[in-house]
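Biologist: I have the model open next to the sequence and would like to go through it with you. Could we take the side-chain pairs, then the helices, then the pocket?

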Amino acid sequence: MKRVLAVVVLGFGLAAGAALASVEDEIRNRIKPVGQVCLQGEECGEAAAAPAAASSGPRSGSEVYDAACMACHTTGAAGAPVIGNADQWAPRIDKGMDTLIDHAINGFNAMPAKGGCASCSDEEIVAAIEHIIDQSQ
């Protein structure tokens, strides 16, 4: 009887140990890292990020507007004139394109330089101004 009991206890112990190992393996799989950090200058293998593709040229006024200007000039945030509102834009347009370009590139009132678009070229800012004017007359 003692031998049967010892075999039963041993069997339960092995089964419990296997179940515990299985649970631990599942936990390890769930919390394992999904990636690795690779710093510049380190050998990262094939997983290294591809370098950013060079721009194929300046973005259109519509693209720049959507990327940088829309947040304020669609909502009127911080007093920005709303695109499409001719009454708000008319006095600004009357000051001339040079003034609009100067204000857009260098900032004016609450608007930061280039509307906060540090990656925008002056040419792209001019295209965005032209887009806004076309939509606001």
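Biologist: What kind of link do the side chains of Glu-24 and Arg-28 meet in?

Modeller: The side chains of Glu-24 and Arg-28 meet in a salt bridge, at 4.0 Å from N to O, where a salt bridge is a side-chain nitrogen of Lys or Arg within 4 Å of a carboxyl oxygen of Asp or Glu. Before going on, this is a predicted model, in which local features need pLDDT of at least 70 and side-chain atom pairs count only at pLDDT 80 or more, while totals for chains, interfaces and linings use all residues. Residues are numbered from 1 along each chain as its sequence is written, and side-chain values use heavy atoms, with hydrogens and water left out.

Biologist: Where do Glu-24 and Arg-28 lie?

Modeller: Both are in helix α1, residues 2-31, and they are four residues apart, about one turn of the helix; helices here are DSSP runs (H or I, at least four residues; strands are E, at least two), numbered from the N terminus. An α-helix has 3.6 residues a turn, so residues three or four places apart point the same way.

Biologist: How many salt bridges does a search of the whole structure find?

Modeller: The search finds four. One of them joins Glu-124 to Arg-59, with the closest N and O atoms 3.1 Å apart. Because Glu-124 lies in helix α5 and Arg-59 in the loop between α1 and α2, that pair ties together parts that are 65 residues apart in sequence. Glu-124 is buried, at 7% relative accessible area, whereas Arg-59 is partly exposed at 27%.

Biologist: And what about Asp-122, which partner does its side chain meet?

Modeller: Asp-122 meets Lys-114 in a salt bridge, at 3.1 Å from N to O. Asp-122 is partly exposed, with a relative accessible area of 39%, and Lys-114 is partly exposed too, at 21%. Elsewhere, salt bridges that share partners join Glu-24, Asp-25 and Arg-28 into one network.

Biologist: Changing topic, which residues of α4 are buried?

Modeller: They are Leu-100, His-103, Ala-104 and Ile-105, and these buried residues pack against α3 and α5. Just after α4, Gly-107 takes a positive phi of about 95°.

Biologist: Now the largest pocket: how many residues line it, and which lie nearest its centre?

Modeller: It is lined by 28 residues, with His-73, Pro-81, Trp-89, Phe-108 and Met-111 nearest its centre. The elements giving two or more residues to that lining are α2 (61-73), α3 (86-94), α4 (97-106) and α5 (122-136), and α5 gives the most, with five. On a 1 Å grid over the protein atoms alone, a pocket is an open set of points where a 1.4 Å probe fits, with protein on both sides within 12 Å along at least five of seven lines, and lining residues have an atom within 4 Å of a point.

Biologist: How many of the lining residues are nonpolar?

Modeller: The lining of the largest pocket has 19 nonpolar residues, with six polar and three charged.

Definitions and conventions:
Ala, Val, Leu, Ile, Met, Phe, Trp, Tyr, Cys and Pro count as nonpolar, Asp, Glu, Lys and Arg as charged, and the others, Gly among them, as polar. Buried means under 20% relative accessible area, exposed over 50%, partly exposed in between (1.4 Å probe, protein chains only). Contact means heavy atoms within 4.5 Å.
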